[in-house]
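Biologist: Please zoom in on a single part of this model and take me through it slowly. After that, tell me about the rest of the chain too.

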Amino acid sequence: MTQSYLQEFQPPPRILLGPGPSTVHPRVLQAMTLPVLGHLDPLFFQVMDEVCEMLRLVFGTDNFMTAPLSSTGTGAMEASCANILEAGDTAIVCRNGYFGDRLADIASRCGANTVVLDSPWGQPVDMDALRDELRKHPSVKMVGVVHAETSTGVLTDLTEVVSLAREHDALVVADAVTSLGSHEVRVDDWDIDVCYSASQKCLGSPPGLAPISMGPRAMQVVNERRSPVQSFYFNLKDLESYWNQTRAYHHTSPISMTYALRESLRMMMEEGIDNRIARHARVAAALRAGLEAMGLELAADAAHRLNPLTAVKIPEGIEDLAVRRTLMSGHCIEIGGGLGQFAGKVWRIGLMGEGARESNVFALLSALESILSRMDYEVAFGASLSAAQRALVEAQRDG
Ligand SMILES: Cc1ncc(COP(=O)(O)O)c(C=O)c1O
């Protein structure tokens, strides 16, 4: 018997319409095949500088410390909390989904007295409740919030969070893992102290890098800590030095990943950030119209829906996994299942980065129509496709 590991691995074609990773453009994959340079090679320093320059444009910031961490998004969550928080500090973490929960968990592992502010899943953060909670904890050091909750498909207004946090001199740590590259994120205009993301969603790279931007107030807190940051790997003071100042060795940079991010950001610059945001809005409107025309219900409050991620309720009597497996085996389409309290209750459909294309909306809607109709779910064939088509025409007219 031949061992499978002796065979060349050739992944079959997949249309990645889950919560990430999203489809990676061949140009970005190609960039990863370039010869590896040393992480202290001046030519690689140039690549680093270019990546930081483009990241500043995407984050909407002049922050000096804006660079990709060698990790996925969770690493950036760890880095943010580990650098800002010290034992005994108070943090308020807004939790309206699975990733708010993770942020709260990480904050409390950093030794902070972590107050969790719950808002219902499917809703944005409740600002009145946040105002009340802040009043109860006047010396709060950090407010953590997820801009785009990938578990529910909800967008929270960061400007409101910042204005409340400022009244108490608290730093705002904002998770933009799913929003960066698909929704407006303006770190400087909105006065966000720490904002992080991940390469594999709307930035269009494979997983493995987590861009982060730290404002002056946040860096001051990092520089004036009483205790050393417990994490060597994520010590942002040292990382800032490698990325922007001395270039002193800290850890070996993931060179090929950095090439990939450079190429995906270059593609974003060519398209234009605003055009890219508009593209995400257009295809999301088509998807939502199509799903609703199929009689499906969306999980997120209508006024606060995310564009790159739509959570749709699984209809009564329909088996979650059976649908997702058939989408994969019969149509090469991956979508995501629910997390936490939404497990088994929603499907999560991502139209992110390169995947945010009209053709993907039509491929998914027609596949869903045919799969659901065979499961005795009543489907008017073509209705979802024409609703999506109409929404696209409307979006084009309005845009
Ligand atoms: C909003 C949000 N934050 C954090 C993460 C964690 O990122 P990663 O899985 O890249 O570690 C995710 C992942 O889906 C996410 O959607």
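Modeller: Let's start with what "buried" means here: a residue is buried if 20 or more other C-beta atoms lie within 10 Å of its own, exposed if 12 or fewer, and partly exposed in between, with C-beta atoms placed from the backbone. Keep in mind that this is a predicted model, where local features need pLDDT of at least 70 and side-chain atom pairs count only at pLDDT 80 or more, while totals for chains, interfaces and linings use all residues. Residue numbers start from 1 along each chain, as its sequence is written.

My pick is strand S5, residues 142-146. (Helices, H or I, of at least four residues and strands, E, of at least two are DSSP runs, numbered from the N terminus.) Five of the five residues of S5 are buried, so the strand is mostly covered. In a regular strand, side chains alternate between the two faces of the sheet. In S5, Met142, Gly144 and Val146 point one way and Val143 and Val145 the other, and all of them are buried.

What does S5 pair with? Two strands pair if DSSP finds at least two bridges between them. Strand S3 (residues 90-95) runs parallel to S5 and is joined to it by three bridges, with Ala91 opposite Met142. Strand S8 (residues 171-175) is also parallel to S5, over five bridges, and there Gly144 faces Val173.

For contrast, look at the open sheet of three strands, which is antiparallel and ordered S11-S14-S13. Its edge strands, S11 (309-313) and S13 (336-337), each pair on one side only. S11 and S14 (residues 346-350) share five bridges, and Thr310 sits opposite Ile349.

Zooming out, the protein chain has 14 helices and 14 strands. Its radius of gyration, taken over C-alpha atoms, is 21 Å, close to the 21 Å that the globule rule (2.2 Å times the number of residues to the power 0.38) gives for 399 residues, so the chain is as compact as a globular protein of that length. Of those 399 residues, 49% count as buried.

An automatic or database domain assignment sets the domain bounds, giving domain 1 (26-269) and domain 2 (273-398). In all, 25 residues of domain 1 are in contact with 22 residues of domain 2, where contact means C-beta atoms, placed from the backbone, within 7 Å. On the domain 1 side, helix H2 (42-59), helix H4 (98-109) and strand S7 (154-155) each give two or more residues.

There's a ligand too, with 14 residues around it, of which Thr72, Gly73, Thr74, Thr150 and Val177 come nearest; a residue is near a molecule if its C-beta atom, placed from the backbone, lies within 6 Å of it. Helix H3 (residues 73-84) gives the largest share of that shell, three residues.

Most residues other than glycine have a negative phi, and most peptide bonds are trans. The bond from Gly20 to Pro21, however, is cis, with omega near 5 degrees. Arg247 has a positive phi of about 65 degrees and sits in the loop between helix H9 (236-244) and helix H10 (255-271); with 15 other C-beta atoms within 10 Å, Arg247 is partly exposed. Asp376 also has a positive phi, near 65 degrees, and with 9 C-beta neighbours inside 10 Å it counts as exposed.

Key: Two residues are in contact if their C-beta atoms, placed from the backbone, lie within 7 Å.
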